[in-house]
Amino acid sequence: MADDSPKSAAPIPKTTRPMSEALLNEKWDRCLSSMLIRSGLGLSFGIVFSVLLFKRRAWPAYVGLGFGAGRAWEECDNSFKRAAVPSKDGLRVIRP
């Protein structure tokens, strides 16, 4: 005899983290990796300029490190602030 009752499917497991937390973690990961990369590039350019132009002084390396870290900080800050502002993608903005 055939069983006509619907079979219950296995429950779909929920993710342990909410989506907003995953997005926040992704932004922090991107910010930290950008900070490391840009600071490293700034430091390396500072070392090259220090050796080539400034008679091996230390300040060009520190300035390059600061510029790289500052640029990464600004990009990270903008990515977090942009999340608070509603997106206007696809909307036409009419200015007077």
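Salt bridges in a predicted model

User: In this predicted model, what makes Arg71 and Glu75 a salt bridge?

Analyst: The closest N and O atoms of Arg71 and Glu75 are 3.4 Å apart. The cut-off is a side-chain nitrogen of Lys or Arg within 4 Å of a carboxyl oxygen of Asp or Glu, so the pair qualifies.

User: How far apart are Arg71 and Glu75 along helix α2?

Analyst: They are four residues apart, which puts about one helical turn between them.

User: Which salt bridge does Glu75 form with Arg38, and how do you know that the name applies?

Analyst: The N to O distance between the side chains of Glu75 and Arg38 is 3.2 Å. That is within 4 Å, so the pair is called a salt bridge. Glu75 lies in helix α2 (residues 59-84) and Arg38 in helix α1, so this contact ties together parts that are 37 residues apart in sequence.

User: Why is Glu75 called partly exposed?

Analyst: Its relative accessible area is 29%. Buried means under 20% and exposed over 50%, so Glu75 falls in between.

User: What makes Arg30 and Glu26 a salt bridge, and where do they lie?

Analyst: Their side chains meet at 2.8 Å, N to O, and the cut-off is 4 Å, so the pair qualifies. Both lie in helix α1 (residues 19-52), four residues apart. Arg30 has a relative accessible area of 47% and Glu26 one of 43%, so both count as partly exposed.

User: How many salt bridges does a search of the whole structure find?

Analyst: The search finds four.

Conventions: Residues are numbered from 1 along each chain as its sequence is written. This is a predicted model: local features need pLDDT of at least 70, side-chain atom pairs count only at pLDDT 80 or more; totals for chains, interfaces and linings use all residues. Side-chain values use heavy atoms; hydrogens and water are left out. Helices (H or I, at least four residues) and strands (E, at least two) are DSSP runs, numbered from the N terminus. Buried means under 20% relative accessible area, exposed over 50%, partly exposed in between (1.4 Å probe, protein chains only).
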